[in-house]
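Thanks for coming. Please have a look at the picture first.

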Amino acid sequence: MNLHPSLHKALLAGVARAPLGQDSTPPALQALLAHVSDQARLWHSVAAADLWQRAGYQPSKAAQQLAPACDAAATCPRAAEQVLQLILRGIHPELLPGWLALAAAHNMALPHAALVPLIELGMQKPALRATVAALLGRRGNWLVSQHPAWSESYAAIDDGACSTHWQLGNLAQRCVALQAMRRADPPAALAALQAEWAQEPVENRIALLPCLAQGLSLHDEAFLENALDDKRKEVRGAAQQLLAGLPGSQLAARCKARLAALFTFDQNAAPQLQVALPDACDKAMKRDGIGSQAHQGMGEKAGWLLDLMRCVPPTHWSETWQLAPRHVIAMLARQEFRAALLTGLVQSAALAVGVQPGAGAVEWFVTLIGEETSTGLNITSMLLPDLERLPLAEQERIVQRWLEQSADAPHAYSYALAWAERRTQALAPSPSRLLLAAAQRKMAAKPQPAYYERSHFAALARALDAGTLDYAQANWPAAGWEHWPQWRELVDELMETLHFRHTMQASFLEKP
Amino acid sequence: MTLTADQILALAPDPASAKAGSAQSSQSKWSGLGAHAQALWGLCQGSGKDPYKAQIELAGPSFKCTCPSRKFPCKHGLGLYLLYARDAAAFGQADAPAWVSDWLQSREQRSEKKAAKLADAEAAHTPEELAAKEQSQQKRQDKRQGNVEAGLAVLDTWLADLARDGLAGLRSKPAKDWEAMAARLVDTQAAGLAARVRRAGMAIYGSSAANWEVPVARELAQLALLSQGYRRLANMPAALQQDLKAAIGWVVGQDEVLAEAGHADRWLVCGIQTQDDERISRRACYLRGLDSGRWAMLLQFSAGAQPLPPPLLPGTCHQGTLHFYPGALPLRVAFGADVCLVPDPVQAPPPASDVNALLAEYANALAVNPFAEHYPMLLGQVVPQFDGAQFSLRASDGTLLPLLPSFRHGWQVHAIAGGAPASVFGLWNGYGLLPLAVSAHGRLHALDGERVA
């Protein structure tokens with residue numbers, strides 16, 4: 001609404017200070033309002049102007065040509081869209097990543113009506129953004145390109161904009177760009193980082209260096225060795241971490257030599273090992289990260305031993321001593337400093353599967369994770385977070401073994417569940433059956449659910465295969481089971497979520 | 001037409017019920033499922049000993065369940081309907097058990113009884129009784145008139161003070177003055193004016209936008225206009241008197257409205273708008289008569305924390321008689337007893353695409369009722385476009401209609417239309433459009449989302 005300037009002035013300052021001028025209202029209205037008080041005339045003038053303008057609204061004409069429309073490219077089927085709308089409405093919101101993964105697997109774009117809410121969600125949760133960006137489709141990209149804030153955030157993932165972001169972006173964008181460059185061409189990306197390295201502020205160095213983990217090779221070693229002399233501890237730590245996991249690195253070779261001086265190996269029928277603690281931690285050792293952190297429950301020198309073990313890939317021991325991994329483990333477990341030796345070994349085994357794991361590294365990992373409690377350490381739970389780095393078939397074999405023995409190994413079921421929970425995709429049918437059977441066995445033995453059971457069941461509901469649900473209907477306790485009242489709710493929730501996921505999977509197969 | 005899952009969940013009183021309802025929609029929870037043309041029913045095992053009997057009359061849809069929940073519809077009703085939408089084949093029985101047919105019958109009887117009672121009310125009284133009733137009514141009216149006049153006198157003084165001192169200094173004065181004025185108007189039975197005073201107060205203290213004084217001045221000017229108009233009530237056309245009294249706070253009883261002749265048509269639900277106040281939630285559902293082209297609005301209210309009654313679903317069509325509340329520009333309606341959901345999808349006529357004709361229609365509406373704020377507008381063949389600052393709708397001849405700056409789902413409209421012509425339904429207030437629904441590619445997308453602006 002536009003007000004005449006003198007009317008506006010009177011409105012703000014009050015008619016006592018800025019009396020209404022003759023020109024503030026059209027003459028016809030003035031005549032009508034001649035007999036009312038000044039104060040009332042102000043309001044009546046505003047009301048008349050308001051009505052006048054609303055009734056006589058003159059639309060403007062567009063100055064520019066109409067921009068071409070975005071063609072209505074195919075999106076996901078209607079049924080899948082309806083499932084997505086339910087999820088966005090708050091029915092099983094935890095299944096949103098699952099829906100997005102299915103859409104990606106079927107190579108289908110997001111439905112138009114869900115674009116804005118999902119793009120907004122991606123703005124709030126950077127972790128979701130890459131997934132959403134991949135599913136935008138033609139309509140979504142068209143939309144994002146017109147919105148200033150969206151186009152900035154969503155373009156960061158686009159590979160074409162990499163070099164721009166690397167040179168001009170903020171730190172987070174530069175990290176993403178560097179990783180993308182590493183994926184495309186590791187040596188070129190290293191060269192780009194090297195060129196800027198000397199000018200980078202410390203915070204940038206700390207954030208950028210770990211990005212080299214993508215496509216790490218011996219080609220990067222010289223640069224990382226230099227970084228070991230950096231002024232900042234965090235930069236040195238990042239370089240040590242990378243070098244320790246790099247097969248054939250000089251850092252590993254130096255640590256091998258240091259350990260060789262401490263170990264006396266006796267190769268006869270029953271191999272014997274004597275271990276001495278390091279006397280001192282010299283400058284060169286400190287440079288390699290030995291003694292950089294304290295280890296709980298361990299003496300200083302034992303900690304050095306652990307750090308040294310951590311930097312040597314486990315395959316080195318089986319090759320040098322010509323022993324199978326489980327014999328090496330058994331031998332180390334007999335040592336006085338077994339906690340330090342084995343913890344270091346476990347950490348190095350986890351590092352070794354990080355970069356292109358060879359058959360030897362995988363064998364070590366599998367042996368260690370399957371190691372029973374004879375060592376006195378809980379190796380399985382130490383290695384659990386790194387299990388997903390193994391090839392999928394290997395992971396499933398390990399989990400299958402846990403589940404088969406879960407009847408007598410108390411923790412095997414929770415290990416399997418923890419693994420299933422970390423995965424983004426649903427399990428294959430056969431581990432699903434085993435996992436559910438183990439859960440049912442545990443349930444049958446308990447009169448009522450423990451406090452953590454709810455989260456266990458929620459994890460099952462997300463992880464189990466929902467392609468067919470026949471297996472999930474079977475093997476529950478009979479209807480007359482006396483403890484059903486305590487368990488009913490959990491089981492119902494599980495089945496309901498599985499049904500929902502089943503519907504969700506089937507919805508993508510319908511005709512668009 | 002069976003509703004889709006999304007539409008069924010839109011009937012839920014709150015998100016928690018929607019979630020619980022969808023959890024009830026698995027077949028394992030139900031027994032004795034059945035359906036015929038009028039109703040669905042089923043037994044759901046809840047925490048009680050006996051299963052709950054849930055039933056739905058499809059024409060309403062109306063729900064009934066024997067569970068003790070105070071939510072309406074309850075999760076069992078929603079679950080039953082969702083299950084039906086997903087798997088109608090599971091509803092094997094076609095013969096309604098006694099508890100279903102009894103309920104349907106009682107509903108029918110009740111609506112008949114209601115109609116009969118209305119008819120009786122006129123006839124049953126002796127002339128003396130009627131005269132006495134009229135007298136007491138007149139007495140009440142007189143008292144109210146006196147109250148309102150007292151309130152308007154205070155309001156006039158207050159407005160004159162504001163005009164004398166100007167609006168510039170308002171933000172440094174306490175907000176509770178406005179609340180006190182509103183409370184005063186409520187006390188003098190002028191609730192409509194009180195709501196406007198609160199709204200003006202919100203515009204002053206509740207936003208940090210520049211140019212805030214203009215909307216406040218409009219609101220105050222309307223108050224002055226209403227107050228002045230009330231003094232001259234007798235000189236106005238009878239229909240406009242009703243509009244003015246409604247704006248001040250007089251409420252016409254629904255029974256009175258239903259007693260008047262109604263307007264039969266097929267009514268398409270075009271859009272809904274929900275507004276929450278701290279005291280009262282209000283939802284307006286806009287309908288258009290497919291044959292007559294008339295606009296109608298159904299208002300739903302709920303007090304305090306209570307959920308609103310289930311909404312009319314945009315895109316559905318209801319057949320029956322709507323009774324218009326009296327006024328120069330009748331819009332608000334009460335549903336007659338015969339209104340029911342049309343089961344098949346209907347073919348709506350293509351909406352008008354001549355923007356100037358629609359603006360002229362709005363100008364005519366204002367000429368008939370100058371107290372009207374906004375009016376429904378259905379635009380066909382318009383392209384939503386964004387000029388870097390605000391959204392507008394572009395008609396095929398290049399005419400631009402701006403969307404209100406307070407509208408929050410501009411990007412959503414843009415995403416759905418994709419730069420191609422679409423139909424948009426909304427409310428036009430003379431300066432901008434508040435869209436409530438957009439249709440593209442033969443699909444209607446409601447923009448209610450709990451408050452569009």
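How many salt bridges are there between chain A and chain B? The count is 4, where a salt bridge is a side-chain nitrogen of Lys or Arg within 4 Å of a carboxyl oxygen of Asp or Glu.

Before going on, some ground rules. This is a predicted model, in which local features need pLDDT of at least 70 and side-chain atom pairs count only at pLDDT 80 or more, while totals for chains, interfaces and linings use all residues. Residues are numbered from 1 along each chain as its sequence is written, chains are lettered from A and ligands numbered from 1 in the order in which they are written, and side-chain values use heavy atoms, with hydrogens and water left out.

Now the interface. On the chain A side, 55 residues are in contact with 64 residues of chain B; contact means heavy atoms within 4.5 Å. The two chains bury about 5100 Å² between them, and 62% of that is on carbon and sulfur atoms. Buried area here is the accessible area, taken with a 1.4 Å probe, that two parts lose on being put together, summed over both. In chain A, the residues that lose the most area to chain B are A:Trp43, A:Arg54 and A:Tyr57, together 16% of what that side buries.

The rule also finds 26 residue pairs in polar contact across this interface, both residues at pLDDT 80 or more. A polar contact is a pair of N or O atoms within 3.5 Å; within protein, one must be able to donate a hydrogen and the other to accept it, and residues adjacent in sequence count only if both atoms are side-chain atoms. Helix H3 of chain A gives the largest share of the side that touches chain B, 11 residues. Helices (H or I, at least four residues) and strands (E, at least two) are DSSP runs, numbered from the N terminus.

One of the salt bridges between the chains deserves a name. A:Asp50 pairs with B:Arg218, and their closest N and O atoms are 3.2 Å apart. The pair runs from helix H3 of chain A to helix H8 of chain B, residues 213-231. Is A:Asp50 buried or exposed? A:Asp50 counts as buried because its relative accessibility is 2%, whereas B:Arg218 is partly exposed at 22%. For these words, buried means under 20% relative accessible area, exposed over 50%, and partly exposed in between, with a 1.4 Å probe and protein chains only.

Next, a sheet that takes strands from both chains. Which order do its 7 strands have? The open sheet runs E1(A)-E13(B)-E12(B)-E11(B)-E14(B)-E15(B)-E16(B), with antiparallel pairing. E1 of chain A and E16 of chain B stand at the edges with a single partner strand each, so one side of each has no neighbour in the sheet. Two strands pair if DSSP finds at least two bridges between them. Between E1(A) and E13(B), residues 399-402 of chain B, there are 2 bridges, and A:Lys61 stands opposite B:Thr399. As background, strands of a sheet pair through backbone hydrogen bonds, either parallel or antiparallel.

Staying with strands, look at E3 of chain B, residues 52-57. E3(B) is largely enclosed by the rest of the structure, because 5 of its 6 residues are buried. E3(B) and E4(B) form a hairpin with 4 residues between them.

In chain A, helix H27 covers residues 453-463, and its buried residues include A:Phe457 and A:Leu460. What covers the buried residues of H27(A) includes H25, H26 and H29 of chain A.

Last, salt bridges inside single chains. Over all chains the count comes to 34. A:Asp492 and A:Arg488 meet at 4.0 Å, N to O, and both lie in helix H29 of chain A, 4 residues apart, about one turn of the helix. In chain B, the side chains of B:Arg231 and B:Asp156 meet at 2.9 Å, N to O. B:Arg231 is in helix H8 and B:Asp156 in helix H5 of chain B, so this pair ties together parts that are 75 residues apart in sequence.
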